[in-house]
Amino acid sequence: MSHPFQFFGEWVGFLSSALPEPWPVCVPNWTPCGAIVLFVSQSFVFNLKALGPKCGIVQALPAPRLPNFKNSYNHSMRVTVGVSGGIAAYKAAELVRVLERQGVEVHVVMTESACRFVQPLTFAALSGHRVITSLWDEAGVSDGASDSSIEHIAEAQWADALIVAPATANILAKFAHGIADDFLTTLYLATQSPVLVAPAMNVNMWEHPATQANLEILRQRGVRMLEPGSGELACGVVGKGRMAEPEAIAQAVMGILGRRHDLAGEVVLVTAGGTREALDPVRYIGNRSSGKMGYALAEAAQSRGAKVILVSGPSALHPPAHCELIKVTTSGEMREAVLERVAEATLVVKAAAVADYRPVSVSEQKLKRSGPLVLELAPTEDILAEVARRRRPGQLIVGFAAETENRMENGRAKLLRKGVDAIVVNDVAKVGLGFDSDFNAATFLTAATAIEMPEMPKRELADRILDEILTLRRPRSVVVELDEDEDDDEKFRQDQVLGETVQPASARRQLIVE
Ligand SMILES: Cc1cc2nc3c(=O)[nH]c(=O)nc-3n(C[C@H](O)[C@H](O)[C@H](O)COP(=O)(O)O)c2cc1C
């Protein structure tokens with residue numbers, strides 16, 4: 001049951017968010033009638049505003065937790081909303097409301113600048129929790145009223161996700177460069193939970209190469225991003241920079257939380273990137289793999305609770321946070337690293353583009369141009385097949401196939417030849433997809449199904465692939481599709497026809513275990 005005064009508290013709290021400048025509130029005591037006190041005191045402020053002079057600034061709330069403003073929480077879903085100092089800070093109040101309506105428990109952390117746009121009290125009233133605005137209290141220690149004296153660490157452990165909305169150019173730059181000079185930036189470094197940012201700023205700030213470079217760094221580290229929309233900005237300019245709507249942000253958050261921890265307890269070994277086979281001291285035979293798909297898989301698995309071992313060929317990417325990274329160069333080194341660690345893994349995803357051939361001999365000196373040169377190449381070891389041969393009970397093995405023709409036939413042949421559980425087939429001949437692109441499309445092939453995954457960002461595709469891999473965990477099962485557009489009889493359609501192509505099933509698939 002809601003507190004009878006909850007509505008008033010929320011209404012006033014929400015109104016206050018529309019007030020741009022600091023404004024005075026007296027909060028004498030947080031009693032069970034706190035909503036009334038809040039209402040009266042803020043009405044008082046409206047009168048003061050009408051009279052003109054400002055009387056003071058709201059100070060930190062005395063109590064660590066506000067009384068019964070909120071309904072019961074679903075404690076399995078906890079989100080910290082970070083608010084940084086942009087005009088769109090007022091929209092964060094609506095975000096908190098939407099999240100709470102979905103049963104999420106919300107803590108709010110504000111930067112010093114954010115407090116100039118919206119009062120912490122607004123978020124305290126909406127979330128039912130004290131708002132964290134500083135690393136320090138007046139005594140010079142954490143101002144936390146949480147159990148831990150190191151409050152940013154406690155907060156980092158508490159939250160299932162950190163959402164920063166709005167994310168200023170400044171906060172994005174600090175995140176990208178590891179600057180930790182306030183609570184929010186320190187929390188960002190300390191958390192191992194998924195991070196989602198909703199940038200909002202003037203279009204020129206958004207388009208500035210510095211901002212774009214920072215965004216790229218964060219994307220590569222697995223920070224989820226809700227791109228700002230275009231339109232008339234608060235500064236009067238038309239362009240890109242409007243923060244995503246709170247409903248859209250909340251929806252993205254629910255997507256993250258829904259998948260949270262479904263890989264807990266798994267040890268995922270991911271291979272990524274291409275390998276290099278030396279010809280001489282300066283040249284090598286390589287391929288165009290950037291490592292983006294493998295790194296996205298590693299990041300996705302980690303954020304879903306898995307322990308991740310990432311074996312990577314040379315790559316310009318920043319390694320995903322909190323994954324164990326093993327760097328290799330040649331296919332031989334890749335094989336050695338994989339075989340050394342594979343026994344630990346419950347799931348192996350081999351996304352690396354490993355050389356099929358290596359030079360029979362490597363010149364000790366740099367090769368000089370002296371007419372035609374014929375290279376003799378020898379096949380490399382088949383790591384995927386070797387891993388499948390050594391498979392231990394319960395271990396799932398998924399390979400990747402980059403195909404330029406006859407995708408399905410070649411993919412299925414590879415699946416059967418190697419004895420793996422699934423093959424993710426990429427059509428690398430498509431322009432703008434696959435190698436070195438941020439986007440990809442794939443077909444997830446098992447012995448019984450072929451699931452089309454249309455073009456999407458690699459990070460999203462990584463989650464789709466993991467969703468499908470998880471369905472393989474279930475013992476002898478029948479997979480049925482629930483499709484609202486079809487007749488009732490058609491809704492329960494067995495997805496067992498060899499070679500049949502169906503839509504991505506993650507969201508609407510139901511498993512009936514025999
Ligand atoms: C009126 C006003 C509006 C601002 N709006 C934005 C904004 O929408 N986005 C942004 O990135 N910075 C904006 N800024 C600049 C930030 O407030 C400034 O960079 C600040 O240092 C951000 O601090 P924070 O990232 O710690 O919150 C604005 C500044 C002012 C004075």
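**Overall make-up.** I counted the secondary structure elements and found 17 helices and 23 strands in the protein. I note that this is a predicted model. Of the 514 residues, I recorded 42% as buried. I then looked up contacts between residues at least 6 apart in sequence, and 69% of these join residues at least 24 apart.

**Ligand shell.** I listed 15 residues around the ligand, and Ser 84, Gly 85, Gly 86, Thr 111 and Thr 168 come nearest.

**Helix H5.** I examined residues 120-127 and found eight of the eight buried, so helix H5 is largely enclosed by the rest of the structure. The buried residues of H5 include Pro 120, Leu 121, Phe 123 and Leu 126, and also Thr 122 and Ser 127. Just after H5, I noted Gly 128 with a positive phi of about 75°.

**Strand S4.** I turned to residues 195-199 and found strand S4 mostly covered, with five of its five residues buried. I checked the side-chain directions: Val 195, Val 197 and Pro 199 point one way, whereas Leu 196 and Ala 198 point the other way.

**Partners of S4.** I traced the pairing of S4 with strand S3, residues 161-167, which is parallel and runs over four bridges. Here Ala 167 has Pro 199 of S4 as its bridge partner. I also found S4 paired in the parallel sense with strand S5, residues 224-225, over two bridges. In that pairing, I located Val 197 opposite Met 225 in S5.

How values were computed
Residues are numbered from 1 along each chain as its sequence is written. This is a predicted model: local features need pLDDT of at least 70, side-chain atom pairs count only at pLDDT 80 or more; totals for chains, interfaces and linings use all residues. A residue is near a molecule or strand if its C-beta atom, placed from the backbone, lies within 6 Å of it. A residue is buried if 20 or more other C-beta atoms lie within 10 Å of its own, exposed if 12 or fewer, and partly exposed in between; C-beta atoms are placed from the backbone. Two residues are in contact if their C-beta atoms, placed from the backbone, lie within 7 Å. Two strands pair if DSSP finds at least two bridges between them.
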